[in-house]
Amino acid sequence: MTRIPTSGAPFPAITVPTVGGGTVTLGQVPKWGLVVVYRGLHCPKCKDYLRQLDALRDDFAALDVTVVAVSGDPEVKASAMVAETGYGGTMAYDLSIAQMRELGLYISDPLSEAETDRPFAEPGLFVINPDGQLQVHDISTAPWARPDLAAVRAGIGFVQDKGRPPRGTH
């Protein structure tokens, strides 16, 4: 069963491999973290979103935000996504169905073998604060319904400047 993420709750420690070697534990960062879940190599909207994310990589770094993009794709497809998009940040892969559910993501079956060969996560975006808490999240059922990354960047800056706690905790 998929769990619903709770604002202010600890972000789950999910370790996944990264393109180029090594692993990353999502949300386990010294300061702020941004985890962007994309559908996979088969998704043209995801390619556009990753290009936008890459264009803002220095802006997020200036706010001390560690950014990770992740999908359920295997390594070969994640590597191809890096090559096709030019994404220069941390790219993780092999997010399992159990891990997708732990993050509260919607999961879709492929419409055909031409789309992809396995179930995949629909988009999700998670902002984790320095206390390891979920500050903000957005979970979608469609690749075209995602937060504007420039607005996310501005929002993180505002929350940092004002010292705002996670909202929606009532």
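Predicted model: local features only at pLDDT ≥ 70, side-chain atom pairs only at ≥ 80, totals over all residues.
User: How far apart are the end C-alpha atoms of helix H1?

Analyst: Helix H1 runs over residues 44–55, which makes 12 residues. At 1.5 Å a residue, these should span 16 Å.

User: Which residues of H1 are buried, and how wide an arc do they cover around the axis?

Analyst: A residue counts as buried when its relative accessible area is under 20%, and in H1 the buried residues are Cys 46, Lys 47, Tyr 49, Leu 50, Leu 53 and Asp 54. They lie on the same side of H1, because the arc that they cover around the axis is only 165 degrees.

User: Which exposed residues does the face of H1 turned away from its buried side carry?

Analyst: Exposed residues are those with over 50% relative accessible area. On the face of H1 that is turned away from the buried side, the exposed residues are Pro 44 and Ala 55.

User: Which strands each supply at least two residues of the lining of the largest cavity?

Analyst: Searching the whole structure gives one cavity of 30 Å³ or more, and the volume of the largest cavity is about 50 Å³. Its lining includes Val 36, Val 37, Gly 124 and Leu 125, and by class the lining residues are seven nonpolar, two polar and two charged. The strands that each supply at least two of the lining residues are S3 (32–37) and S8 (124–128).

User: Which element gives the most to the lining of the largest pocket?

Analyst: The largest pocket has a volume of about 200 Å³ and is lined by 16 residues, with Gln 135, Val 136, Gly 155, Ile 156 and Val 159 nearest its centre. At least two lining residues come from each of S8, strand S9 (134–139) and helix H5 (149–162). With five residues, the element that gives the most is H5.

User: How many residues apart in sequence are the parts that the salt bridge of Asp 64 and Lys 31 ties together?

Analyst: The side chains of Asp 64 and Lys 31 meet in a salt bridge, with N to O at 3.5 Å. Asp 64 lies in the loop between helix H2 and strand S4, whereas Lys 31 lies in the loop between strand S2 and S3, so the parts tied together are apart in sequence by 33 residues.

User: About how many helical turns separate Arg 51 and Asp 48?

Analyst: The side chains of Arg 51 and Asp 48 form a salt bridge, at 3.3 Å from N to O. Because these two residues are three residues apart in helix H1, the separation is about one helical turn.

Note on methods. Residues numbered from 1 in each chain as written. Heavy atoms only, no water. Helix = DSSP H or I, 4+ residues; strand = E, 2+ residues; numbered from the N terminus. Expected span 1.5 Å × (residues − 1). Buried < 20%, exposed > 50% of the residue type's maximum accessible area, 1.4 Å probe, protein only. Arc of directions from axis to C-beta. 1 Å grid on protein atoms, 1.4 Å probe; cavity = no way out; pocket = protein on both sides within 12 Å on 5 of 7 lines; lining within 4 Å. Points joined across faces, edges and corners; volume = space filled by probe spheres on them. Nonpolar A, V, L, I, M, F, W, Y, C, P; charged D, E, K, R; others polar. Salt bridge = Lys/Arg side-chain N within 4 Å of Asp/Glu carboxyl O.
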